[in-house]
Amino acid sequence: MSELFLAIGFGLVVASVLALSAVGLSLQFGITNYINFAFGDFMAIGAYTSWTLNTGPLHVNIWVAMLIGGLLVGVMAVLLNRFLLAPFARRFQKLFYILIVTFGLSLVLLNLVSSIWGDEVQRYNISNQAPQHIGPFLFTVDQLVVIGIAIVAMLAIHFMLTRTRIGKSMRAMSDNSTLAMTSGINTGFITTLTWFLSGLLAGIGGTVLGITQASITPGSGETFLFVIFAAVIVGGVGSIYGAMVGAVIVGLATEVAALFIDPSYKLDIAFAILILALLFRPSGLFSRPGKA
Amino acid sequence: MTAPDLGGAPTAISVDSALSCVDIHKSFGGAKAVNGATFSVPKGSITALIGPNGAGKTTVVNILSGSLSSDSGRVMMGDTDITALPSYQRARLGLIRTFQLSRELGGLTVFENLMVAAKVQPGESLMNVYLRPGLVRQAEKESRERAASILEQYGLYDLRDNWARELSGGQKRLLEISRAVMAEPSLLLLDEPMAGVNPALIDRIGGHIHELKAAGVTVLMVEHNLGVVEKICDHVIVLAEGRTLATGLMSELRENTDVVRAYLGGVLDGRVDR
């Protein structure tokens, strides 16, 4: 029984990392209507930026480093959209071409990360912590902080989407960008802001992934991208709340399943969930009309 | 109001116009959709834009609203040249449009559909959201009150918490117009507002358009139903083959042989052209 609670506890930590990443991916998809295959590499750049700040001469606190890494990836995402993705999206109306562009971007960024930071496994400079009992669960302080960051981020996004004009404008644009524009919404600004938030969440997600997995490699974001896809598809592509729920389902399922199968197959559990979702509910739990 | 300009292709632009376009051209591939359209919409009027199918009416509305850019020509809103402005900036100047097929923000509630259309608010800035929450709250409160009042007026208040995609066709049409009203337009472009709605609703929408005129809003509406045009419009612009054929009162245009020939093959009798 205690093993089950341990698995659920770590499942919540994985779900938190997934929620940050899946919501970042969904926010951008909702506005642009195409999947960014370079999202995993955005995560890796955030993770390595934090690592450089955390383990370099400045010895920046890991949480501050995470925030700086997130902000940097946010700015990078805006610039990449402005000068690379948006011009392609304008020029080629077919979704296929822009997907190929993001796939190509992913390869470029992956190799860029490898050439800058190397291929060896890196670790953050954080002390070993004894896990604490929280009810029947066991968490380290860092794991609790990761869960806390995810909860605060999800609440902030919920508040923004439902209570602020910017959030409503994002939802309106995601629904019908032409109508949003003719209603006076500055769709260019909303697109830029969305890319920034998506990059910010990718950068933060990359760092917390490195913290929870106790290691970072150039390909760790890309590998995790397929788990993110599983969460996004289970929740409903383009749905922010679906991404949150999908993250919890996939996070818990992969960790609890590891009790019964070899843990090295955890990624395959995510694939199995992805395939089952596509077979039985391809529109996801929170499907949105009008979205692919 | 400008004097009716009958016959030929009008080119003069009235100084007292809310909106005008000069020598607008637009081609799609080899097909010329608009071929030198020039007209002005008198301030405070309800003006109809009519013409046979393929005359270029919707293309002109798309160009006027900024949804489409013209190949050449100018669009003026009062004295301001808005040719180069994107549609959201035209909307912020007060030029709001509706679409031929009702469009709603289906993933938002009826109430939220109106809230996003409210004129520029302090809540648009993230700095204001976090640093001046009181100001944002006050603006939101005012917008909420205004949205509630408009929904009441358009008979949609009881549906305010429904998803917009769940509304019926007629309700979606009313929502589209009420969302346009929420944006505080000085000039409203209605693309076939009566299309696909029942006769009772046609009267109701006609009444709302008159209320808007009384409130000082200029209305330009594309309309096929000549009975409606006769009843509610005080100025008519006739387009044919992408050019302005004539402007004036409906009763005067009936006597214009060019218009009669181009429009309905010889009969302008107020029936619905479908």
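Student: In what sense do strand E1 (residues 17–28) of chain B and strand E4 (residues 72–77) of chain B pair, and over how many bridges?

Tutor: Strands (E, at least two residues) and helices (H or I, at least four) are DSSP runs, numbered from the N terminus. Two strands pair if DSSP finds at least two bridges between them. Strands of a sheet pair through backbone hydrogen bonds, either parallel or antiparallel. For E1(B) and E4(B) the sense is antiparallel, and the number of bridges is five.

Student: What pLDDT do local features need in this predicted model?

Tutor: Residues are numbered from 1 along each chain as its sequence is written, while chains are lettered from A and ligands numbered from 1 in the order in which they are written. This is a predicted model in which totals for chains, interfaces and linings use all residues, side-chain atom pairs count only at pLDDT 80 or more, and local features need pLDDT of at least 70.

Student: Which strands are the edge strands of the open sheet of four strands in chain B?

Tutor: The order of the sheet is E2-E1-E4-E5, with antiparallel pairing. An edge strand here pairs on one side only. That applies to strand E2 (31–42) and to E5 of chain B.

Student: Which residue in E5(B) is the bridge partner of Met76(B)?

Tutor: Met76(B) lies in E4(B), where it stands opposite Ser20(B). E4(B) is also joined by two bridges to strand E5 (residues 80–81) of chain B, and these two run antiparallel. Met77(B) has Thr80(B) as its bridge partner in E5(B). For Met76(B), the partner is Asp81(B).

Student: Which residue in the hairpin of E4(B) and E5(B) takes a positive phi?

Tutor: The hairpin has two residues between its strands. The one with a positive phi, near 60°, is Gly78(B).

Student: Which residue in the turn between E9(B) and E10(B) has a positive phi?

Tutor: Strand E9 (residues 235–240) of chain B pairs with E10(B) in the antiparallel sense over five bridges, and Val236(B) stands opposite Gly248(B) in E10(B). The two strands form a hairpin with two residues between them. The turn residue with a positive phi, about 50°, is Glu241(B).

Student: How many residues of strand E10 (residues 243–248) of chain B are buried?

Tutor: A residue is buried if 20 or more other C-beta atoms, placed from the backbone, lie within 10 Å of its own, exposed if 12 or fewer do, and partly exposed in between. E10(B) is largely enclosed by the rest of the structure, because the buried count among its six residues is six.

Student: Is Thr59(B) buried or exposed?

Tutor: Thr59(B) lies in helix H1 (residues 57–65) of chain B. Leaving aside neighbours within four places in sequence, Thr59(B) is in contact (C-beta atoms, placed from the backbone, within 7 Å) with Lys26(B), Ala33(B), Val34(B) and Leu68(B). There are 21 other C-beta atoms within 10 Å, so Thr59(B) is buried.

Student: Which element of chain A has the highest mean pLDDT?

Tutor: pLDDT is the predictor's confidence in each residue, from 0 to 100, and its mean for chain A is 91. Strand E1 (residues 132–134) of chain A has the lowest mean among the elements, 87. The highest, 97, belongs to H2(A).

Student: Which element gives the largest share of the side of chain A that touches chain B?

Tutor: 21 residues of chain A are in contact with 24 residues of chain B. Helix H6 (165–175) and helix H7 (177–182) of chain A each give two or more residues to this side of chain A. The largest share, seven residues, comes from H6(A).

Technical notes. Contact = placed C-beta atoms within 7 Å.
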